[in-house]
Amino acid sequence: MKSRSTLATWLSELDASRLARVLTVRKDAASSPEPRSVGELADRLQRPGSVALVLPQLTLPCLQAAEALAALGARATRDSLAELLGATSPAAVHALDATLEALSDWALVWHDGNKALRMPTPLRQAWSTPLGLDAPLEELLVGTTSEELRGMLAVLGVKPPGTKQQRLAALVEHHSDAERVAALVAEAPAATRKLLEQSARSTPRQSLFVVFGAPDDDLQPGARWALDRGLLVQDRHRYGTVRMPVEVALALRGPDWHAPFEPLPPVTQLVPVTSSEVEREAAAAASAFAAHAASVLSACATAPPARLKSGGIGARELARLGKVAQAEDAVVRIALETAYAAGLLARDGDRVPPTEAYDTWAEQEPAEQLAVLLRAWRDLPLTPTRARDEDNKALPALAGTPACGGCLQARHGLLTAAAGLPAGQGVKVASELGPLVAWHRPLADDASPEGTAPFCTVIREGELLGVLARGALSPLGAHLAAHADEELDITARRLLPPATTTARIGADLTAVVTGTPSARLAALLDSTADRETSGSASVWRFSAGSIRRALDAGRTPDDIAADLAGSSATALPQPLTYLIADTARGHGRVRIAPAACVIHGDEPALLTELAAHRALSKLALRQLAPTVLVSGSPPATTLATLRAAGYAPVAETTEGTVRIEKSLPQRAAVPPPRGNVGRRGTRTTATRGSGLPTDTGMDVLADRLLKTPPTAPEPDPFGSGVPFATDTEEIVAGYAKHLSYSDVRQVAHAIDTGAAITVEYIATSGNRTVRTLSDLELDPPYLDAWCHLREAERVFTLSRIHGVMPA
């Protein structure tokens with residue numbers, strides 16, 4: 001049988017459908033640029049960064065099995081793993097096989113030709129002391145001399161073979177027999193037995209420490225007896241910790257000790273729920289969130305929130321947005337974070353205004369608006385509603401914190417856990433989903449406050465968005481979990497009613513809109529009335545101040561009445577028409593000129609009244625003529641003070657015309673960063689054909705990989721016609737004329753991934769130097785990088801790079 005000790009060999013022996021499944025699961029290795037051979041694919045799968053990316057996505061039994069395999073080391077087999085995990089019953093054996101199959105899909109475990117279980121080195125190194133066990137005996141005895149091995153075997157009563165390797169193998173074989181080790185320890189002195197039993201149950205960090213050159217009397221009682229027999233191992237120079245081999249520790253823990261293995265998710269209390277109940281509650285929550293989110297972003301469009309000096313939107317601005325939109329803090333935070341991730345908001349100086357994409361989004365139906373925000377929420381690398389840090393200090397929104405993979409996996413774990421509930425069943429209490437999330441994503445970050453149920457924060461987010469309802473996954477959540485974006489749009493349109501285009505205006509000077517108001521209706525009511533409530537039903541109230549605000553924006557009374565009548569389900573009530581007429585009649589009777597400043601009007605009595613008004617005394621008004629007053633305050637202050645006193649002045653321009661106070665919407669100058677973000681927060685060059693391949697693409701890629709040699713031939717850098725895998729490669733090749741195609745690929749890969757490389761560089765003086773570079777940024781024809789030789793940032797000319805080597 002052909003040996004399959006390497007990952008590349010194992011991958012090359014898979015059939016196309018199985019390899020396609022691996023590629024589908026490991027999207028990090030299948031994304032563009034596509035691997036050109038099985039060897040290149042295996043190299044990607046075994047990189048430490050790839051393993052670190054995968055671990056947070058594993059379930060609890062997968063992590064437990066992987067840790068047990070790391071503890072067993074090179075001697076791991078399926079049978080030894082089952083024995084260590086205590087998976088002996090038929091159900092447990094079936095669960096273990098399913099777990100190993102899942103790990104194989106991640107390309108984390110595979111069988112070699114000798115039935116041994118192999119795993120990538122980075123995965124084995126993920127645990128410094130797996131299961132609290134130290135390294136195998138063979139590894140610990142690497143520095144031991146042949147004579148020392150002979151002495152250990154002689155004390156054990158084993159005839160020493162001739163060579164050092166044979167003696168080491170004989171000692172390993174002896175200590176691999178758990179019954180033999182247990183019998184040996186039973187014959188040991190009492191002090192030795194106590195020391196060995198304590199060491200077997202403790203972690204390696206708690207092991208005995210031996211000082212260099214210390215006499216044997218300084219050892220713990222009984223340690224020398226164990227050292228002479230290889231039950232404990234110390235450095236040959238007698239410096240460092242005295243360590244217990246994993247074989248001895250497992251033997252002393254006894255046959256009844258097993259590593260933890262929980263193949264089944266925790267049991268939760270379920271209650272029956274119908275699909276109509278779930279849909280009805282999900283639709284109500286989703287509709288309310290869509291309306292609130294539209295209100296929050298509308299408030300951002302009217303007055304973009306200010307950023308703190310330290311970054312982000314602080315509590316004061318969040319409270320302002322929540323008051324305007326009549327939404328709780330959690331909803332405001334979700335709306336801001338998802339809108340920013342979707343490109344609807346962007347940082348622009350000390351403000352966060354909407355982008356041009358917001359204008360298109362605002363004109364869409366509520367279902368389409370919701371779908372955009374739901375997709376952004378699913379892929380958020382943070383927990384948006386987390387309002388306090390570990391020190392209970394307030395956290396701003398849109399703070400630009402580093403991406404949190406554990407936060408993303410908490411959300412994905414919630415979707416996976418809820419999707420796994422039986423059909424027609426939901427948890428009795430939503431918080432009971434927390435243990436399920438912890439089982440599906442043990443390494444996920446729980447942003448819930450201390451003392452609360454696990455993952456209650458992300459569960460609450462799911463309920464606010466309509467992803468969860470009645471303790472079950474709603475159709476919206478099911479499509480999110482399956483990444484079925486087209487089906488998500490269809491379901492959202494089915495559950496959410498279209499935007500409301502008319503309002504019911506009552507004689508009490510209120511306008512009531514059921515459902516989500518259209519963008520045009522919301523803009524009209526926001527400009528002529530004050531919003532009081534928002535959600536499934538929104539209420540605006542008309543007042544003299546709100547009508548004056550519309551008049552100040554340059555609208556005429558007839559225009560206001562006509563627009564409101566066209567958007568009202570009934571005829572305008574008489575109190576509203578009277579309010580519009582009365583406000584318009586007094587509007588502009590007093591005008592403020594931009595002097596320092598001058599107040600004038602056509603009614604001497606009114607000007608005299610202003611000069612004598614006590615509430616206006618702080619303006620220091622002086623009457624220069626029957627129709628002219630001068631104020632000691634600037635025009636803006638004078639306007640605000642007169643309006644607060646109940647008057648309705650208007651401002652004039654220097655030409656004597658009425659100044660229109662209409663505020664234009666602010667938009668960000670540039671959209672938020674898209675694509676991959678480099679180490680310094682800048683965008684890296686996008687690769688061609690970016691995006692995750694579909695299942696059909698995976699089948700094609702798998703078939704192509706299996707038909708190519710395990711290692712792709714090095715392409716000819718001149719005239720081969722081999723297409724560049726990324727734009728970065730093409731740019732580098734255009735300037736670095738002295739580099740081969742493989743060197744160009746290494747430089748481009750380092751730029752795109754932030755990896756370090758070593759280059760052979762010709763300085764302007766003609767001297768040839770070798771530099772190790774990291775944090776590379778492409779600025780053709782230059783390369784900005786951190787030079788490890790100079791320990792500073794340096795600029796390198798691409799054409800002067802004559803060779804590339806791994807860092």
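Analyst: Thr-533 has Val-539 as its bridge partner, and Val-539 sits in β12. Bear in mind that this is a predicted model, with local features needing pLDDT of at least 70 and side-chain atom pairs counting only at pLDDT 80 or more, while totals for chains, interfaces and linings use all residues. Residues are numbered from 1 along each chain as its sequence is written, and side-chain values use heavy atoms, with hydrogens and water left out.

That bridge belongs to the pairing of β11 with β12 (residues 537–541), which is antiparallel and runs over three bridges. Two strands pair if DSSP finds at least two bridges between them; strands (E, at least two residues) and helices (H or I, at least four) are DSSP runs, numbered from the N terminus. Zoom out a bit and you get an open sheet of four strands, in the order β9-β10-β12-β11, with antiparallel pairing. Its edge strands are β9 (504–505) and β11 (530–533), each pairing on one side only.

Now for another sheet. Five strands make up an open sheet ordered β15-β16-β14-β13-β17, and here the pairing is mixed. β15 (622–625) and β17 are the edge strands, each with pairing on one side only. Helix α32 (residues 635–644) packs on this sheet and touches β13, β14 and β17; touching is a matter of contact, meaning heavy atoms within 4.5 Å. The direction of α32 makes about 160° with that of β13. Axes are lines fitted to C-alpha atoms, for helices over the stretch in contact, and angles run from 0 to 180 degrees between N-to-C directions.

β13 shows you both kinds of pairing. With β14 (residues 598–601), β13 (residues 590–593) runs antiparallel, joined by four bridges. Arg-591 stands opposite His-600 there, and Ala-593 faces Val-598. With β17 (residues 650–651), β13 runs parallel, joined by two bridges, and Ile-592 stands opposite Ala-651.

Stay with β14 for a moment, as Gly-601 lies in that strand. Gly-601 is buried, at a relative accessible area of 10%; buried means under 20%, exposed over 50% and partly exposed in between, with a 1.4 Å probe and protein chains only. Once neighbours within four places in sequence are set aside, Gly-601 is in contact with Arg-589, Leu-607 and Thr-627. Leu-629 is 28 residues from Gly-601 in sequence, with 8.9 Å between their C-alphas.

On the α6 side the contact is made by Gln-64, Ala-65, Ala-68, Leu-69 and Leu-72, and on the α7 side by Ser-80, Leu-81, Leu-84 and Leu-85.

As for the whole protein chain, there are 35 helices and 22 strands, and 47% of its 807 residues are buried. Of the contacts with a separation of 6 or more, 64% involve residues 24 or more positions apart.
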